Amino acid sequence: MESCYPVRSFAAASVAAAGSAVAELASRLSGVPVQAQVDSDLARAWFGPSFRPAGWEVPPPWDPLSRDYRCADGWVRLHTNAPHHRRAALAVLGLPGDAGPETASVAVRAWKGGELEEAVVAAGGCAARLRTAEQWLAHPQGQAVSAEPLIGWTRRAARRPAETSGTPLRPLHGVRVLDLTRVIAGPVATRFLAGFGARVLRIDPPGWQEPSLEAEMTVGKRCTRLDLGTPDGAAKVRELISTADLVVHGYRPGALTGLGLDEHRLQQLRPGVVTVALDAWGWTGPWRGRRGFDSLVQTASGIADAGMAWSAADAPLPLPVQALDQATGYLAAAAAVRAWTRRLDGEVYAARLSLARTAVELQRAADARGPVPPLWESPPDPAPPSLPRAAEQTWWGPGERLAPPLAFRSEGPVPEMRWDVPAAPLGSAPAAW
């Protein structure tokens, strides 16, 4: 699928950022310069599914109600993959729990897009009205996130240098990563860290399901469940944080504070712990506490509208992959590795990123590239060569995973991207390192 945005080069650049961070760490460990090389075909492929099952099927990724709908003054997108988000949308529309997209389409047409967006969000759901890029830049949230850095860094008090068992071959060996993320961006980051030896423990709440993503995102990790809202769950997660080296979380601003795990508390529990935070809409502005997903950010920020105009489509046209999630994940991984490298010298950093700020970067890259001809005037890209894959056994059955998108060069040993723990369901491991 084509796009008016430079998705291929954007994928290569974000993977390269993460690879460069690994090369820097490996150079520090070996004392010999290490360089990272990106295969752009593989990088683009990793922005889609990296795993292909053999003899079994991955469940579909979207709830039937998750789609774009015509409304009274344009378009609006509902995101209903999570059961509680689905219930919220249906409640606002006044529809029963078994309503399908056809029934929802009729109900949505009676609403103005902005009013439905706000009503669904107020009910605890997820929605976004289709906006142009110009409308987004005039919106208070668009203005706020455009002023944020791509990666926001905060320097904490210096500590004694961290110890490491990392090697040039496995630079993150022994690094304990507590993964408090879901869906795509955060799990992409922690999957990358696991690929270079990190010991990743992912925590999900009871009942949370991601069946379409488990084989894709749990490789290299151990996955457990804890209810952080209960005394036992809160005590256990504090115990795990007290022995973690790095915490990656996807909580919106203030959400960790509500759990008693704000940055100050994290540093009390584990002095010197590296933290990387991700959210959807940014860390400033009126939407900073709003729930969001890649598809909603594409809708609100003008990306889906630009695709529709470029292709002369009769409906919003998003990117061919969830590039905001994927790129943010690799950039978060780059931030985590760089922060860990500094931690070995006693410096302590926290980083934060957002899908909306990554969208700004993609839009700026498209602007810098210049006008893109319409689809019917664009010469087709040559078909990529057959991409290498390796056999892999998961909890569900066999399959093949794409070869890593990174390679390294050095006069000494070089990092190897591989996963030592097979993909398995959420909640399949105990809450222990």
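A residue counts as buried when its relative accessible area is under 20%, as exposed when it is over 50%, and as partly exposed in between (1.4 Å probe, protein chains only). Keep that in mind as you explore this predicted model, where local features need pLDDT of at least 70, side-chain atom pairs count only at pLDDT 80 or more, and totals for chains, interfaces and linings use all residues. Residues are numbered from 1 along each chain as its sequence is written, and side-chain values use heavy atoms, leaving out hydrogens and water.

**Helix α16**
- Helices (H or I, at least four residues) and strands (E, at least two) are DSSP runs, numbered from the N terminus.
- Buried residues of α16 include Leu-355, Ala-359, Leu-362 and Ala-366.
- After α16 comes Gly-370, with a positive phi near 95 degrees.

**Salt bridges**
- Side chains of opposite charge can pair when their charged atoms come close.
- A salt bridge here is a side-chain nitrogen of Lys or Arg within 4 Å of a carboxyl oxygen of Asp or Glu, and the structure has 21 of them.
- One of them joins Glu-400 and Arg-52 (2.7 Å, N to O).
- This pair links distant parts of the chain, as Glu-400 sits in strand β14 and Arg-52 in strand β2, 348 residues apart.
- Glu-400 is partly exposed at 32% relative accessible area, and Arg-52 is partly exposed at 41%.
- Another salt bridge pairs Arg-191 with Glu-216 (3.0 Å, N to O).
- Arg-191 lies in helix α8 and Glu-216 in helix α9, so the pair ties together parts 25 residues apart in sequence.
- Arg-191 is buried at 2% relative accessibility, and Glu-216 is buried at 9%.
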